[in-house]
Amino acid sequence: MATSEFVPKPAKSERAFSLGLHESLTRRSTTPAAVTAAMMMATDVTAVLISLCLASVFRFAGPTAPSGSAISRWAGIALPLHPGYLFFFIAVLLVVNHRYRLYGPLQTHSFWHELRRTIEACFAAGLLLCGSLYVTHNTSISRALIGYLLCLTTFFLCTLRMSWRHSRHRRYELGLDTRNVLILGATPLGKAIRKKILRNSHLGRSFKGFLQSAQGSLAEEAGDFPIGEMAQLPLLARQHFIDEVIIAERCSTDSIVELIEMARDLDVEVLVVPGFYEELTPEAPIEYLGDFPVVALHRRNGKVIAHLFKRLWDFTVSTLLLLALSPTLLGIALLIKLDSSGPVLYTSDRVGKKGRIFPCFKFRTMVANAEQMKASLSQHNERDGILFKMKNDPRVTRVGRVLRKFSLDELPQLLNVLRGDMSLVGPRPPIASEVQRYQVQHFRRLEVLPGLTGLWQVRARQDPSFERYVSLDLAYVENWSFWLDLKILVRTAEVVLRGTGS
């Protein structure tokens, strides 16, 4: 998290502010767009290599053929295409794709525009490859092989683009990976941007409301959408998990400086429509939000690579654990079915990252009508405040007590980790009734994916204090690292083996 202690405050003058913004933009950390571009480049290179292998099979009826005039020899090895030409083709293809903005945000262009550009890029790279063969007077490489290579590369890249776009849009429709947006100024421009966001889910934005500056438009102009003062941004950002503020009206430089300072403390990005502050961002790259150009006044310093690695780790480990524990899971399911009537799995709606509701899976450890009995047992609650927990809960079944003692009832949540609803390590997912009673500082728990285990589970599992529960979760959010996750997982294994659950 960027804080005022570690990020220098911008000066109050326009000239000093412009220099501060320029330095911030040139030194910004890796962004999610950069990570996505790198992944797309890697898949494109893989597609070219696969295309070459298939082209060799189609042309020579095998990945390598007996030595002959159609085969290029390099370092004594028979290859269908000399590595120098292959590297040249790949490099040109990547450069042309980048030049055509095919590694930018997928929502920038329409599907047909992206498909046309992909075909153009492949044939442009192919023509340059053919030109290099002509200039070097190379007659040993089969022209049919080059033709197969270009056609297959074009097919695979078009297929990859469609897959990327479908996968990304599908996640946006499910409310995953979307960015929560506030618009500063309920002006005609602000309303137009709001309408574009609401009507186009593929933009990956979720509109949360308007902000009003001291010199800005009246609250009535916001219509039915919630509005708050710019000074309320810290409160609104926590309650609505704001990722971006888009400036859609002209404000004083002092007001923008104040907004940037708050955004740095809150780790919120600030975008502005070009034309308002061109003197402040003369070299900032222009991006597009649908049809609207925007430039960044502040970028968050997110641990993009680290979070990507965390997600890959979660996916890999949860898959391996589900495969390895499948006999155990089946045995537990059978015992639950034999012990009491009701479903094997208990599914409850939980609140995840940024307030998203998801179904959380557990093995059923209580009788079927446990929720109806909860109200009559409220006076026996042994936890402070929001949480509910009681010793010797009469609703728990015989098998359920054993499962809870060793935390085996939470094993089905590996499915939630696999789906991306949860992580292996993180704050435990609350229910909606708990979140409704949160204070502002408690919402920070929901800024990360909930987890199977966390700091509270390994340090203060029997502590009844809700404040202790929250403070440990907030400490995790503030100080997260991959090594901290590993330490928590090791401590969790120790806690489970000791059977300290309840």
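Predicted model: local features only at pLDDT ≥ 70, side-chain atom pairs only at ≥ 80, totals over all residues.

User: What does pLDDT say about confidence in the protein chain?

Analyst: The mean pLDDT is 77, and 76% of the residues reach 70 or more.

User: Why is Thr-365 called buried?

Analyst: The cut-off for buried is under 20% relative accessible area. Thr-365 has 5% relative accessibility, so it counts as buried. This residue sits in the loop between E11 and helix H11 (370–374). Not counting residues up to four places away in sequence, Thr-365 touches Arg-395, Val-396, Thr-397, Gly-400, Leu-403, Arg-404 and Asp-409.

User: What makes the pair Thr-365 and Arg-404 a polar contact?

Analyst: A pair of N or O atoms must lie within 3.5 Å, one able to donate a hydrogen and the other to accept it. The side chains of Thr-365 and Arg-404 are joined at 3.1 Å, so the distance falls inside that limit.

User: Which residues of H12 are buried, and how do you know that they lie on the same side of the helix?

Analyst: In helix H12 (residues 398–405), the buried ones are Val-399, Gly-400, Leu-403 and Arg-404. They cover an arc of only 130° around the axis, and therefore lie on the same side of H12. These buried residues pack against helix H10 (326–339) and strand E11 (357–363).

User: What makes Thr-397 a cap of H12?

Analyst: A side-chain oxygen of Thr-397 lies 3.0 Å from the backbone nitrogen of Gly-400, at the N-terminal end of the helix. That is a pair of O and N atoms within 3.5 Å, so the distance meets the limit for a polar contact. Just after H12, Ser-407 takes a positive phi of about 60°.

User: Why is Ser-348 called buried?

Analyst: Its relative accessible area is 10%, and the limit is under 20%, so Ser-348 is buried. Ser-348 belongs to strand E10 (residues 345–351). Its side chain has a polar contact of 3.0 Å with the side chain of Arg-350. Ser-348 also touches Phe-358, Pro-359 and Cys-360, leaving out residues up to four places away in sequence.

User: Is Lys-487 buried or exposed?

Analyst: Exposed: its relative accessible area is 58%, and the cut-off for that word is over 50%, so Lys-487 qualifies. Lys-487 is in helix H17 (residues 482–498). Between Lys-487 and Leu-455 there are 9.6 Å from C-alpha to C-alpha, with the two 32 residues apart in sequence.

User: And what makes Ser-255 buried?

Analyst: Ser-255 has a relative accessible area of 9%, which is under 20%, so the label buried applies. This serine lies in helix H8. Ser-255 and Met-230 are 25 residues apart in sequence, and their C-alpha atoms are 8.9 Å apart in space.

User: Which residues have the most contacts inside the largest nonpolar core?

Analyst: They are Leu-184, Ile-193, Leu-233, Val-245, Ile-247 and Leu-259, in a core of 39 residues. Among the elements that each supply at least two residues of this core are strand E3 (179–184), helix H6 (188–199) and helix H8 (253–266). H8 gives the most, with six residues. Apart from this core lies another, of 35 residues, among them Leu-329, Ala-333, Phe-363 and Tyr-438.

User: What makes Leu-184 a contact partner of Leu-259?

Analyst: Contact requires heavy atoms within 4.5 Å, and Leu-259 is listed among the contacts of Leu-184 beyond its neighbours within four places in sequence. Others include Leu-211, Met-230, Val-245 and Ile-247.

Notes:
Residues numbered from 1 in each chain as written. Heavy atoms only, no water. Buried < 20%, exposed > 50% of the residue type's maximum accessible area, 1.4 Å probe, protein only. Helix = DSSP H or I, 4+ residues; strand = E, 2+ residues; numbered from the N terminus. Arc of directions from axis to C-beta. Core = buried A, V, L, I, M, F, W, Y, C linked by side-chain atoms within 4.5 Å. pLDDT = per-residue confidence, 0-100.
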